[in-house]
Amino acid sequence: MTGNPTANILEVDHLSMRFGGIVAVKDLSFTAKRGDITALIGPNGAGKTTVFNCITGFYKPTTGMIRMIHGDSREFLLERLFDFRISKLAKVARTFQNIRLFAGMTALENLMVAQHNGLMRASGYTFLGLIGSPGFRSAERSAIDRARYWLDRIGLLARADEAAGNLPYGDQRRLEIARAMCSRPALLCLDEPAAGLNAREGEALSELLRLIRNEHDTSILLIEHDMSVVMQISDRIIVLDYGVKISEGTPQMIRDDPKVIAAYLGTDEKTAIAVMAGGA
Ligand SMILES: Nc1ncnc2c1ncn2[C@@H]1O[C@H](COP(=O)(O)OP(=O)(O)OP(=O)(O)O)[C@@H](O)[C@H]1O
């Protein structure tokens, strides 16, 4: 890991996002530390995806600053960059609530597509790729090695040549994360990666996210409704309600915060406590 592991990788400063009369995010400030898994939780419509869309350049925030700080101290103000520069320069990758793999391409091909930019660079944007110049061949070998490494980590090496769309749902979810990791992001933003997973698939997902945190120089920002995943793997949790931050802290602190329990599930305290404990 490069740089100070306890330093911030992301600083969101007084972020607001308005859609006409709707204030989706209101004066939100929070930080994510390098090497941490930071979770953004809150009830439906709390503004979580809007925050992700601001960080990844899909939306330009109405006001506020989003600073990405790399281990070598380079800084990027994300609200000033186009989305393709956010992924290329600031090294922020994301996945979406719905699966966006290329269903007709194989698992391996999906991971190669993620490395297209590097391969294009190695070809000099000319025919060198077609004739297989030594520089291009070496870049292609490393891209295949990286793709195979990630297929192995998600347990899909034996199914590398199967169409992604034919894989079980949980495997597709992990393949999407592997695809994002092939671009070697400094920050990986995951929008509800556990949605639709059964308990066993949820456990495999948690394991993958822990592996990314422990063995790679990638910090994770996570939106997730599945509290068993959030409570198990997050280092820090930020809670939004109606676009406003109502709490932040360790999983234990969040689990015990009556404001969170009340906001998250309304007034049905018994159900709320069960869900915050990861049991529903
Ligand atoms: N493009 C848009 N135009 C108008 N309103 C929007 C737009 N995107 C989001 N909103 C509104 O902003 C608010 C926050 O929505 P957002 O999707 O960010 O919440 P969320 O916490 O991600 O919800 P969920 O958990 O259901 O995905 C909602 O009231 C939503 O209707």
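Which residues surround the ligand? In this predicted model, the ligand is surrounded by Phe19, Ile22, Ala24, Gly42, Asn44, Gly45, Ala46, Gly47, Lys48, Thr49 and Thr50. The elements that give two or more residues to this shell are strand β2, residues 22–33, and helix α1, residues 48–55. The secondary structure of the chain as a whole comes to 12 helices and 10 strands, and buried residues make up 40% of its 280 residues.

**The shell around the ligand**

- Helix α1 gives the most to the shell around the ligand, contributing 3 residues.
- By residue class, the shell around the ligand divides into 4 nonpolar residues, 6 polar residues and 1 charged residue.

**Helix α1 and what follows**

- Helix α1 is mostly covered, since 7 of its 8 residues are buried, and these buried residues are Lys48, Thr50, Val51, Phe52, Asn53, Cys54 and Ile55.
- After α1 comes Gly57, a residue whose phi is positive, near 85°.

**The pair of helices α7 and α8**

- Helix α7, residues 169–181, and helix α8, residues 199–215, pack at an angle of about 15°, and their axes are 10 Å apart.
- Because angles under 35 degrees count as roughly parallel, α7 and α8 are described as roughly parallel to each other.
- The crossing in which α7 passes α8 is right-handed.
- On the α7 side of the contact are Gly170, Arg173, Arg174, Ile177 and Met181, and these meet Glu201, Ala204, Leu205, Leu208 and Ile212 in α8.
- The residues of this contact of α7 with α8 divide into 6 nonpolar, 1 polar and 3 charged.

**Val239 in strand β9**

- Val239 is found in strand β9, which covers residues 236–241, and Val239 counts as buried because it has 23 C-beta neighbours inside 10 Å, where the cut-off for burial is 20 or more.
- Leaving aside residues up to four places away in sequence, Val239 touches Ile41, Gly42, Lys245, Ile246, Ser247, Glu248, Ile254 and Val260.
- Val239 and Lys259 lie 20 residues apart in sequence, and the distance between them in space is 9.8 Å, C-alpha to C-alpha.
- Across the chain, among contacts between residues at least 6 apart in sequence, 66% join residues at least 24 apart.

- With 14 C-beta neighbours inside 10 Å, Asp27 counts as partly exposed.
- Tyr242, another residue other than glycine, has a positive phi near 50°, and Tyr242 is found in the loop between β9 and β10, the latter being residues 244–249.
- Tyr242 is partly exposed, because 15 other C-beta atoms lie within 10 Å, a count that falls between the limits of 12 or fewer for exposed and 20 or more for buried.

Technical notes
Residues are numbered from 1 along each chain as its sequence is written. This is a predicted model: local features need pLDDT of at least 70, side-chain atom pairs count only at pLDDT 80 or more; totals for chains, interfaces and linings use all residues. A residue is near a molecule or strand if its C-beta atom, placed from the backbone, lies within 6 Å of it. Helices (H or I, at least four residues) and strands (E, at least two) are DSSP runs, numbered from the N terminus. Ala, Val, Leu, Ile, Met, Phe, Trp, Tyr, Cys and Pro count as nonpolar, Asp, Glu, Lys and Arg as charged, and the others, Gly among them, as polar. Axes are lines fitted to C-alpha atoms, for helices over the stretch in contact, and angles run from 0 to 180 degrees between N-to-C directions. Angles under 35 degrees count as roughly parallel, over 145 as roughly antiparallel, 65 to 115 as roughly perpendicular and the rest as oblique. A crossing is left-handed if the near helix is turned anticlockwise from the far one by less than a right angle, and right-handed if clockwise. Two residues are in contact if their C-beta atoms, placed from the backbone, lie within 7 Å.
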